Every structure is written in C-alpha cells, then in structure tokens.
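Biologist: I'd like to go through the labels on this one. Can you tell me what stands behind each of them?

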Amino acid sequence: MKLLAISIVVLTLWYKLQVSLVLGDIGTTTSYGPPYIPTACYRNEQDQFPPGNLFVAVSEGLWDNGAACGRRYRIRCLSGKRRPCKGGSVDVKVVHFCKSPCPFTLLMSNEAFAVISRFRGAKINIEYTQI
C-alpha cells in the first residue's frame, strides 16, 4: 500500500512537470546589439531599459499595434545548432518592434540572450510566456 501511495505521488509530480513544460508559446530568437535607441516604444528615454538590459524587440505577431510595449515575457532556450542552451530562463521587457519582415519571433538584447545561450548571434528555438 505504501508503494502504491509513493507511486501516485511520483506520477502526479511527473504529470505536473510535463504540463508546465508546454504552457508557453514556441518561437525563434537571436541577439541584437547597440545602438538600442531610439526604440519604437519609448523613443530616446534612457530609463526605458530594465536592470541588466534584459529587453526584447517583438515581431509583428506580438507587436499588437504597439500595445506590446512594456509587456514582460519569460523566455527559455529549447534548441539550436551546437547545443546553445544554458538552461534556465530570462525575464525580459518589450521596448522595440522588429521591423517586417522580421525573421524571428523576438530579438533579444545581447545581455538577455547571454543569459540563455552560450553563443551570441546564434539562431535558437525558444519557449516564451507572457508574465
């Protein structure tokens, strides 16, 4: 009976872990560097950037006619060439628009990208969730 109870707990925890892995949307990203201003959201305001320069530019699909400005996303690296993923995730703020045709879902500042990827400028597959 004890073994059955332990098995149920383990299966429940495993199921919850599996569900949490698919809560976000799937997309692609790479890094981009300075100059970061002016931005589409806040023009030349110096205080628009969050601590650590953890921000992104979003593509047309997420832009929402500018309503995306200030939104926050949690991004996790899933895969890419030469195993770029470090593990973990990074929380970012939307400050800019990736002009059409944008080849990526998001463009990440060099600093934000470095949190989840070993290689600057790599093209990676990501999971992202609005927070």
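Biologist: What share of the 131 residues in the chain is buried?

Modeller: Buried residues come to 38% of the chain. Keep in mind that this is a predicted model, where local features need pLDDT of at least 70, side-chain atom pairs count only at pLDDT 80 or more, and totals for chains, interfaces and linings use all residues. Residues are numbered from 1 along each chain as its sequence is written, and side-chain values use heavy atoms, leaving out hydrogens and water.

Biologist: Why is T39 called buried?

Modeller: Its relative accessible area is 1%. Buried means under 20%, exposed over 50% and partly exposed in between, with a 1.4 Å probe and protein chains only, so T39 at 1% counts as buried.

Biologist: What makes T39 and Q48 a polar contact?

Modeller: Their side chains come to 2.6 Å. The cut-off is a pair of N or O atoms within 3.5 Å; within protein, one must be able to donate a hydrogen and the other to accept it, and residues adjacent in sequence count only if both atoms are side-chain atoms. So the 2.6 Å pair qualifies.

Biologist: Which residues does T39 touch, leaving aside neighbours within four places in sequence?

Modeller: Q48, F49, V95 and H96, where contact means heavy atoms within 4.5 Å.

Biologist: How do you know that β1 and β5 pair?

Modeller: Four bridges join them, running parallel, and pairing takes at least two DSSP bridges, so they pass. In that pair, S31 stands opposite M108.
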